Amino acid sequence: MVDVGSFIGQIFVIVLLLVIAIFVVVVIFRSIRIIPQAYAGIVERLGRYQRTLSPGLNLLVPFIDRLRPLVDMREQVVSFPPQPVITEDNLVVSIDTVVYFQVTDARAATYEIANYLSAVEQLTTTTLRNVVGGLNLEEALTSRDNINGQLRVVLDEATGKWGLRVSRVELKAIDPPVSIQDSMEKQMRAERDRRAAILTAEGSKQSQILEAEGRRQSEILRAEGDKQAAVLRAQGEAEAIEMVFDAIHAGEPDDKLLAYQYLQTLPKIADSASSKLWVIPSEMTEALKGIGAAFGGRAEETARKETTPRQKPTGPKNAAADAALAAAREAASAADDIATEARKTTPGAAGGAGEAR
């Protein structure tokens, strides 16, 4: 028969051992704490701050030390909802802000402020209204860097005692009223049209200037070419005249040759079909007279030779002399006829010619 007392004693021992084991496990569990990297733990002993736990394995006094919720020591980014702000020119704009901050002192962030996120949000809103309230809309839109710098300085100074460090404050968006946005768009459109018109006018001006400069350079080059061509022609004519003059003087021409050249020039004067007026130089008749006299002298000499019984006439030479004399007389007669016709048609020109003679 089983002893009841011993059985109950065994059960009691087993239960006691189980309780002791559970107690030991609970004590071990409450005395060992593992803190992750970039986090910090605040330990309170009997309700009072005792120490700050660093990342890694930490031991606590069970049932005496209490670990508060872990504090994130990493830099945090918080985007606050749009806040209505009144500018200096009484326009209500909606501004979104983004704050970058980091907890540097876990104890201060736990005991100096109840909720540091809400405190940072409210401080950012009030500081933003103070800064933007002293600016008009245009300055607020174009002075974001200045606003960001002022917000960061104020927030960093105010949150230092809370164990926080504000690294950056950015304005994510500044939204003016819809009517102001329409007016700004119209203004910008007008400004772009004005700039486009100015650029078009400048381009047209430059184009006209370049075209005028090109025409001027072209005219200058053309004039230079005409000048060089005229100079070259004049030099050529001068050289030709000089060569002819030298050739004439080298040949030592007499009056008879000059008179014959006058006779060759006379048909060229009246050769043009549009010539209505012929001016006969006074030297022309003198030349014709000289030719006639020359041929007449040769004819008299020939006649004397023929009358001389001792000389025999030479038929071919006498015929040539007679032909030359006849040609000279016909040329002289033609010249007189032309001069007479010229005097009849233009009395002034005839008088001038007579005066020249």
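Helices (H or I, at least four residues) and strands (E, at least two) are DSSP runs, numbered from the N terminus. By that scheme the protein chain of this predicted model comes to 10 helices and nine strands, and Asn 58 is found in strand E4, residues 56–59. Residues are numbered from 1 along each chain as its sequence is written, and side-chain values use heavy atoms, with hydrogens and water left out. Because the model is predicted, local features need pLDDT of at least 70 and side-chain atom pairs count only at pLDDT 80 or more, while totals for chains, interfaces and linings use all residues.

**The chain as a whole**
- Buried residues (under 20% relative accessible area, with exposed meaning over 50% and partly exposed in between, for a 1.4 Å probe and protein chains only) make up 24% of the 357 residues in the protein chain.
- Among contacts (heavy atoms within 4.5 Å) between residues at least 6 apart in sequence, 65% join residues at least 24 apart.

- Asn 58 is buried, with a relative accessible area of 11%, and its side chain reaches the backbone oxygen of Gly 56 at 3.1 Å.
- Leaving aside residues up to four places away in sequence, Asn 58 touches Ser 31, Ile 32, Arg 33, Ile 35, Arg 51 and Leu 53.

**The sheet E7-E8-E9**
- Three strands form an open sheet in the order E7-E8-E9 with antiparallel pairing, where two strands pair if DSSP finds at least two bridges between them; E7 and E9 are the edge strands, each pairing on one side only.
- Neighbouring strands of this sheet are turned by 20° against each other on average, direction ignored, with axes being lines fitted to C-alpha atoms, for helices over the stretch in contact, and angles running from 0 to 180 degrees between N-to-C directions.
- E7 and E8 pair in the antiparallel sense over 10 bridges, and Val 85 stands opposite Val 93 in E8.

**Helix H3 across the sheet**
- Helix H3, residues 116–132, has 17 residues and reaches 24 Å from its first C-alpha to its last, close to the 24 Å expected at 1.5 Å a residue, a span taken as 1.5 Å times one less than the number of residues.
- H3 lies across E7, E8 and E9, running at about 40° to E7.
- The buried residues of H3 include Tyr 116, Leu 123, Leu 128 and Val 132, and what covers the buried residues of H3 includes strands E7, E8 and E9 together with helices H2, H4 and H5.
- At the start of H3, a side-chain oxygen of Asn 115 reaches to within 3.3 Å of the backbone nitrogen of Leu 117.

Notes: A polar contact is a pair of N or O atoms within 3.5 Å; within protein, one must be able to donate a hydrogen and the other to accept it, and residues adjacent in sequence count only if both atoms are side-chain atoms.
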